Amino acid sequence: MSLVLSVSNLTKIFPSGDREITVLDSVSLELMAGDTCAIVGPSGSGKTTLLGLCAGLDNATAGTVTLCGHELNGLTEDERAAVRNKHVGFIFQTFRLIPTLTALENVMVPAELRGRTDVRAEAFGMLEAVGLADRTHHYPAQLSGGEQQRVGIARAFINKPDILFADEPTGNLDDDTGSAIEDLLFDLNSTSGTTLVLVTHDLDLARRTGRVFRLKMGAVVSEASNTAGPGQGIVSELLPPTG
Amino acid sequence: MNTWTLKFAWRDSRGSRRRMLMYISSMVLGVAALVSINSFGDNLKQAIDAEAATLLGADLSFEGRAPFNDVIEALIDSLGGEQSRRTSFSSMAYFPLTGDVRLSTIRGHERGFPFYGEIETDPPEAASEYLTGRNALVDATLLQQFNANVGDSIRIGTVSYRIAGKLVQTPRETAAIMLFSPRIYVPLSEIDRTLLARGSRADYEVYFKFEDGRDADALVEELKTVLRANDIRTDTIKEEQEGWDRSLSNLYRFLSLAGFMALLLGSLGVASSIHVYIRQRIQTIALLRCFGAKTWDTFRVYLMQAIAMGLVGVILGSLVGLGIQALIPIVLADFLPVDVVVSISWGAIWMSSGIGMGVTILFALLPLLTVINVSPLIAFRSELGVDAKTPRNWMWWATIAMIVVGITTFAILQAPRVLVGLSYSAGLFIVFSILWGVAQLMIRILRAHTPKKLPYVWRQGIANLYRPNNQTLVMTLALGLGTFLIATMLLAQHALLQQINLATEGDRPNLVFFDIQPDQVAGVADLLEENGVPVIDNVPIITMRITGINGETIASMRADTTRRLTWAHRREYRSTYRSKLIDSEVLVEGELVESVDIETIGLIPVSVEQDVAQSLRISLGDTVTFDVQGVAIDTRISSVRTVDWQRMQTNFFFVFPKGVLEEAPQFNVVLTRTPDAKVAGRLQASMARAFPNISSIDISLVMSVFDAIFSRIAFVIQFMALFSIVTGLFVLSAAVMISRFQRLEESVLLKTLGASRSTVIKIMLTEYMVLGILAAATGLVLAIGAGWVLAEFLFEVEFVLPMQGLGVLIGLEILITMVVGLINSRGIYERSPLEVLRTEA
């Protein structure tokens with residue numbers, strides 16, 4: 001199995017007035033192709049910052065990020081954009097669909113940005129896979145939250161990414177819908193062999209991943225692996241039961 | 001550029017296209033102004049080219065201030081071709097039916113003129129019939145003024161004429177010129193020759209038409225020496241055409257620049273709207289970045305949208321401009337010498353559209369630069385947002401440089417010379433900077449000093465002007481510029497009237513009689529006494545020319561091509577003699593000699609006015625030789641005076657001492673003061689009956705003429721100011737549209753908290769009212785500054801604000817702002833809180 005993401009001594013410091021705030025402090029981790037992991041921790045622990053840096057959305061103050069063989073530190077913003085377009089998919093808590101595009105057009109965007117023109121059928125297929133074949137020409141405002149997130153998932157997978165970053169993918173959904181979205185996400189993930197990085201507060205969701213990194217004050221305070229597979233073993237022991 | 005950019009730009013604009021139309025509405029009028037004015041300019045040029053010959057009415061004309069001498073007569077005779085003479089002079093026109101009199105320009109014509117074009121009259125046949133006897137064609141406005149009709153009689157000097165028709169349009173004259181002095185055409189053979197007595201001012205002209213295709217300009221060049229030596233001026237079709245071209249080009253260039261200002265304001269409005277629009281698109285931009293869109297790809301998406309908006313704007317602007325183009329000849333009717341046929345000028349449309357497009361894109365680039373700085377991280381953390389201000393990096397400065405270069409290039413293209421263009425663009429930046437500064441200051445003052453104790457409705461209304469993404473500054477700027485132009489015209493007109501009033505107040509003369517022959521002076525004094533008015537001054541006037549300075553003749557100076565002679569060397573001087581200075585004069589050098597004995601004095605000591613002394617390059621002690629109607633008089637400059645020409649007095653360049661000119665051919669000017677217009681009218685009529693050759697000027701008439709001329713100029717400027725005002729209102733409409741959702745939320749929140757509908761509406765009205773006040777105050781501050789400069793330095797009167805006029809202007813502006821705001825806000829304040837909350841959910 002190949003190495004997809006390698007993070008070494010990653011540090012991010014933000015200036016705040018006269019002071020400096022260390023949001024991430026020497027974080028290191030490695031993920032192989034097909035791995036699933038969750039980053040958990042309280043608000044302000046640096047989860048989203050870590051996700052942003054791993055995905056090449058921001059520059060680290062120190063340390064390195066190597067994504068699918070590309071060391072991101074030395075790249076320009078446009079070079080990082082090209083890496084993202086080729087290797088990365090995103091799912092957002094608030095869905096982040098472009099309000100002026102239909103569901104189908106939203107799914108097409110990453111593929112079109114790659115320069116492909118014949119993506120309509122493929123996008124339609126993706127929507128069909130997430131159960132929205134009959135909603136392709138609806139605008140985001142005409143879709144429910146769950147439907148919007150399905151479109152978001154279809155959009156995330158259309159470029160067949162090597163790694164998928166999902167930020168609280170069920171955070172804005174009710175339990176039933178959230179659960180359905182989780183199933184969909186893990187199904188697609190296992191089918192396509194994509195590496196999955198989840199940022200979440202939802203411990204049940206975290207339990208379904210293979211590895212869990214717990215962040216506190218910008219540092220990884222614990223890391224657990226599910227040797228028995230997602231949803232069982234050490235991870236389940238590490239994370240207290242919910243409900 | 002890949003097709004994705006275009007495709008995405010199109011898809012992304014969905015749902016915003018109506019809003020975008022509103023954004024571009026502010027630039028439509030600016031483009032319309034440019035299209036209409038530049039098209040009109042082309043139409044005007046075509047009309048002047050097509051009717052060039054009719055502007056002069058002949059191929060060539062000679063003009064002199066005295067009857068042609070033998071040399072010139074022989075020359076005229078030798079030139080052949082068809083010839084027609086004309087003699088023009090000022091005289092009183094007396095209407096026997098009503099007893100009214102009016103100083104007019106009398107033109108005595110021979111048959112033939114105009115050889116090209118025609119004199120337009122009502123009835124049309126009068127244009128040729130009036131030459132068959134004692135008939136006159138009279139300026140239509142003059143007839144209207146005195147309720148006179150075709151068929152009535154009019155007397156000029158001692159000769160009575162039947163009014164054969166009204167003058168509608170004549171060669172070489174516009175309606176505005178007619179206002180200064182109404183024209184009366186009579187047959188040359190029927191004029192009262194006594195009115196052309198020595199000393200009276202008259203123009204003698206001869207018009208030529210050459211059938212043999214002679215080049216009139218080459219002929220003039222060939223005859224230049226002899227014509228100049230005899231003080232004969234010439235005019236050819238080409239010169240006339242160039243003259244009109246120049247003056248009318250200046251006129252339409254001025255209008256075009258005013259239109260350009262409206263475009264700049266509109267583009268600022270568009271840029272301001274795009275700024276808000278881009279801020280609403282930040283999430284989309286961040287998302288695209290997440291998915292791998294390159295920085296310039298996203299920039300190009302929104303640049304494409306801005307270009308598309310600009311294109312729609314110029315198309316709409318061109319269409320509106322074509323409509324307005326038809327109005328311009330009506331607005332400028334009084335200033336045009338030819339009928340302008342309105343036709344589409346593609347050149348003007350392309351140029352104006354190009355300028356409109358260019359300026360809009362340049363201004364749009366500033367807010368578009370924000371796109372470059374959007375971090376993809378915002379897609380995860382919307383709270384990050386982007387800096388409200390576009391960073392002042394090299395791209396920002398490069399854009400600013402492009403805007404400055406673009407505007408300057410336009411100004412240079414429109415101006416006759418590069419330097420004028422540069423000055424104009426510098427002036428434009430200064431006016432904009434001052435307006436911008438004043439608007440900023442006003443807004444800040446309002447924010448900092450809004451009294452805390454004001455009722456809530458007021459405080460909330462004022463606070464609304466500072467809501468995020470507000471466009472208060474741009475609106476204040478656009479409306480303020482319009483106010484500035486209109487208020488400045490109002491202040492200038494007020495200062496002018498004040499100056500005229502000042503000139504006639506107290507014991508100062510308000511009625512002037514001139515062309516009085518020496519033997520008529522006693523009779524005039526008697527007539528004044530009979531009417532109970534005083535002779536305030538009786539001034540003898542002698543016409544003369546300078547023939548030499550410091551021993552060198554003007555002729556030899558003329559022959560020397562390296563020397564440049566000025567108007568002061570060539571002009572005919574009207575001088576007087578007296579023993580003391582008058583109120584309007586101040587001695588700056590030497591002394592005024594009271595009187596001399598001509599037998600013993602040798603060089604006559606004369607006093608010269610300072611400015612003309614500079615033009616003639618003479619100073620104290622220099623000698624000047626005058627030709628006083630055939631007699632050479634050698635003089636020495638004994639004193640230099642300054643003269644306040646603004647004063648309604650008989651002012652002179654040269655003043656002789658007593659004892660020299662008493663026996664020279666002369667005429668007198670008598671100044672008097674009448675208590676009211678009625679006495680003035682009666683006295684003028686009595687004078688015209690008793691002494692038909694004597695002319696008079698009533699100061700109240702001068703006042704009304706100036707007022708009328710000024711009103712026409714003000715009308716044109718105010719027409720242009722309207723572009724700016726309406727642009728401001730469009731910006732306001734766009735601003736209300738942009739903030740619609742915010743306003744909806746505010747209104748719902750207030751209603752939820754218990755505010756009544758009327759409270760919400762009052763808050764909104766307060767906001768628009770304060771905006772109107774801000775704009776009016778901004779424009780007014782500048783107008784008052786400009787008005788003060790005009791009053792202090794141009795009109796030299798005490799600066800007084802015409803409170804009533806300004807009050808009406810400000811009131812109207814506030815009212816219009818409130819109405820436009822209200823119209824655009826309809827629907828916002830009607831929605832129920834629950835309905836909106838559900839929609840939001």
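Trainee: How far apart do the C-alpha centres of domain 2 and domain 4 of chain B lie?

Mentor: They lie 33 Å apart. Domain bounds come from an automatic or database domain assignment. Chain B has domain 1 (1-51 + 251-437), domain 2 (60-213), domain 3 (450-507 + 698-841) and domain 4 (537-672). This is a predicted model: local features need pLDDT of at least 70, side-chain atom pairs count only at pLDDT 80 or more, and totals for chains, interfaces and linings use all residues. Residues are numbered from 1 along each chain as written, chains are lettered from A and ligands numbered from 1 in written order, and side-chain values use heavy atoms, without hydrogens and water.

Trainee: What is a nonpolar core, and which residues have the most contacts inside the largest one?

Mentor: A nonpolar core is a set of buried Ala, Val, Leu, Ile, Met, Phe, Trp, Tyr and Cys residues joined through side-chain atoms within 4.5 Å. Buried means under 20% relative accessible area, exposed over 50%, partly exposed in between (1.4 Å probe, protein chains only). Here the largest core has 146 residues. Those with the most contacts inside it are A:Leu5, A:Leu50, A:Phe90, A:Phe165, B:Phe8, B:Phe260 and B:Tyr302.

Trainee: Why does this core lie between domain 1 and domain 3 of chain B?

Mentor: Both domains give residues to this core, so it lies between them. A second, separate core has 39 residues, including B:Ile106 and B:Val186.

Trainee: How do I read a helix pair, and at what angle do α26(B) and α27(B) pack?

Mentor: Helices (H or I, at least four residues) and strands (E, at least two) are DSSP runs, numbered from the N terminus. Axes are lines fitted to C-alpha atoms, for helices over the stretch in contact, and angles run from 0 to 180 degrees between N-to-C directions. Helix α26 (residues 757-794) and helix α27 (residues 803-824) of chain B pack at about 140 degrees, with axes 8 Å apart. Angles under 35 degrees count as roughly parallel, over 145 as roughly antiparallel, 65 to 115 as roughly perpendicular and the rest as oblique. α26(B) and α27(B) are therefore oblique to each other.

Trainee: Is B:Thr483 buried or exposed?

Mentor: B:Thr483 is buried, with a relative accessible area of 1%. Its place is in helix α17 (residues 472-504) of chain B. Contact means heavy atoms within 4.5 Å. Beyond its neighbours within four places in sequence, B:Thr483 is in contact with residues including B:Ala775, B:Ala776 and B:Glu813. B:Thr483 and B:Val781 are 298 residues apart in sequence, yet 9.9 Å apart in space, C-alpha to C-alpha.
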